Amino acid sequence: MFEFVRNLAHEHEQVVPISVFVAILCLCLVIGHLLEENRWVNESITAILIGGIAGTVILFLNKGKSSHILRFSEELFFIYLLPPIIFNAGFQVKKKQFFQNFITIMLFGVIGVFISTSIITAGSWWLFPKLGFFGLTAREYLAVGTIFSSTDTVCTLQVLHQDENPLLYSLVFGEGVVNDATSVVLFNAIQKIDVSRINSRTSFQLIGDFIYLFSTSTALGVTFGLVTAYSLKTLYFGRHSTVRELAIMVLMAYLSYMLAELLDLSGILTVFFCGILMSHYAWHIFAMMSFVAETFIFLYVGMDALDMEKWKMTRLSVGTLMASFGTLVFLILVGRAAFVFPLSAFSNYLNKHPDRSKPLTFRHQVVIWWAGLMRGAVSIALAFKQFTFSGVTWDPVNAAMITNTIIVVLFTTLVFGFLTKPLILCLLPQHVTDTSDEAQGSKSPKEDITLPLLSFEGSASTNILRAKDSLSMLIERPVYTVHFYWRKFDDRYMRPIFGGPISSPPEC
């Protein structure tokens with residue numbers, strides 16, 4: 001039987017590996033469906049475990065030479081797998097909650113990444129040589145900081161109930177997406193700086209490159225989203241064929257991603273905001289590709305964990321390798337705590353008004369901290385991009401970093417993922433609802449904000465008084481005020497041009 005399989009694989013070198021991998025991928029989807037009601041094990045954990053079992057079988061058939069049948073390439077991830085994942089995240093984001101908590105999400109997703117990257121970079125730069133791990137350059141230490149600052153919040157989102165904890169769910173989901181985008185943008189910015197002379201000027205250059213990439217990528221995504229929405233509304237594809245409408249949306253989103261990459265911008269940020277705009281002014285969704293792409297990545301991680309070539313190539317003792325792995329996990333814990341709790345306090349101060357008496361309790365902050373401890377697909381892809389060439393490396397130091405990354409992803413996903421449900425059930429019992437968010441949602445901003453900024457029908461003195469009232473409301477409640485006036489502008493000018501339903505009075 002083994003001889004027959006070996007001969008078949010030799011005759012069809014490309015077809016057989018792909019067929020076997022697709023079959024295992026289908027098995028992951030089936031088992032994931034059967035375990036859907038089990039909140040202890042999500043799709044990521046299922047894919048990793050099945051990948052590990054499949055890798056063991058393949059390793060046995062190959063007599064200990066290799067545990068995988070496909071070679072992972074960073075181009076495969078960034079060109080084919082990542083765009084549908086991020087586009088679907090932008091398409092599915094709950095815009096009302098996302099933009100009402102926009103300041104807090106950006107604090108965690110942008111400022112938090114910078115803090116975490118700084119701590120992980122400095123800590124690894126200082127501790128790795130003491131552990132006997134040498135050979136990393138300054139740029140690679142900075143890359144390590146961004147690689148392990150990228151989070152994967154799938155485990156926590158599967159346990160959290162959106163109806164019972166809308167505020168917490170929105171923060172965890174929003175931060176997860178913005179965190180991935182920021183990590184990739186920062187990683188690309190690091191590749192452009194001159195690390196031979198790191199000083200204050202280099203820091204300002206890094207921040208400037210980040211702001212440029214962030215703003216231009218966002219603008220490109222918004223432009224593509226609006227153009228697509230206007231085209232769908234004007235030509236009305238859905239009247240003749242919903243399939244054509246979905247095809248136009250997916251292809252335009254993919255085109256925005258590829259154009260951003262060609263312009264050396266951030267495709268992940270472009271396609272995210274493109275997805276938000278399309279979902280705002282169009283009414284369909286395309287999530288299948290995203291689900292398959294994520295399962296594909298975790299399945300490969302499970303297989304690659306048993307890759308004997310990388311383990312032998314590291315040339316590090318088991319003790320040194322485990323010590324460096326433990327150091328990275330410790331730095332992830334510290335780096336996450338270093339910004340979640342201080343920025344939560346700052347967010348509570350910014351949102352200090354009667355409608356949100358307790359925006360983020362200490363228990364909420366612990367859940368947010370825990371939600372960002374898992375590492376996933378983006379960390380794997382960035383590590384392969386930094387330390388391999390088309391998925392292959394012959395450098396012992398690079399092999400050690402790839403191995404470390406895989407171990408960290410496996411450990412955080414399996415261990416922290418399994419502990420997520422009991423932790424959340426302990427901190428947030430099912431019968432306790434998110435009172436802070438109920439208070440937030442119980443009163444619409446329109447109940448308090450009833451005056452327009454200016455009226456052409458009123459006198460100059462009346463307009464001045466209205467402007468003062470609006471300005472005072474903007475200072476007291478900036479998020480609600482900006483969100484309310486944007487909703488009015490959107491309903492009056494944007495939706496009639498680009499399509500989409502007009503907001504009802506109590507809703508955003």
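Let's start with cysteine 26, which is partly exposed, with a relative accessible area of 42%; partly exposed is the range between buried, under 20% relative accessible area, and exposed, over 50%, using a 1.4 Å probe and protein chains only. Cysteine 274, by contrast, counts as buried at 0% relative accessibility.

Before I go on, this is a predicted model, where local features need pLDDT of at least 70, side-chain atom pairs count only at pLDDT 80 or more, and totals for chains, interfaces and linings use all residues. Residues are numbered from 1 along each chain as its sequence is written, and side-chain values use heavy atoms, with hydrogens and water left out.

Back to cysteine 26: what about a bond? Its sulfur is 9.3 Å from the closest cysteine sulfur, that of cysteine 28, which is too far for a bond. With a disulfide taken as a pair of cysteine sulfur atoms within 2.5 Å, the count comes to zero disulfides.

Now the overall picture. The protein chain has 22 helices and zero strands; these are DSSP runs, H or I of at least four residues for helices and E of at least two for strands, numbered from the N terminus. Of the 508 residues in the chain, 53% are buried.

Let me pick out helix H13, residues 288-304. How far apart are its end C-alpha atoms? They are 24 Å apart, in agreement with the 24 Å that 17 residues should span at 1.5 Å a residue; the expected span is 1.5 Å times one less than the number of residues. H13 is mostly covered, with twelve of its 17 residues buried, including Phe296, Leu299 and Tyr300. Its buried residues pack against several helices, among them H2 (15-34), H3 (43-61) and H18 (396-427).

Keep an eye on leucine 299. Leaving aside neighbours within four places in sequence, its contacts, meaning heavy atoms within 4.5 Å, are with Phe21, Ile24, Leu25, Cys28, Ala47, Ile50 and Gly51. Leu299 is also one of the residues touching the most other members of the largest nonpolar core, which has 127 residues. Helix H9 (residues 166-190) gives the most to this core, with 15 residues. Such a core is a set of buried Ala, Val, Leu, Ile, Met, Phe, Trp, Tyr and Cys residues joined through side-chain atoms within 4.5 Å.

Finally, confidence. The chain averages a pLDDT of 77, and 75% of the residues score at least 70; pLDDT is the predictor's confidence in each residue, from 0 to 100. Over residues 431-460 pLDDT stays under 50, and the model has 61 contacts beyond four places in sequence for them.
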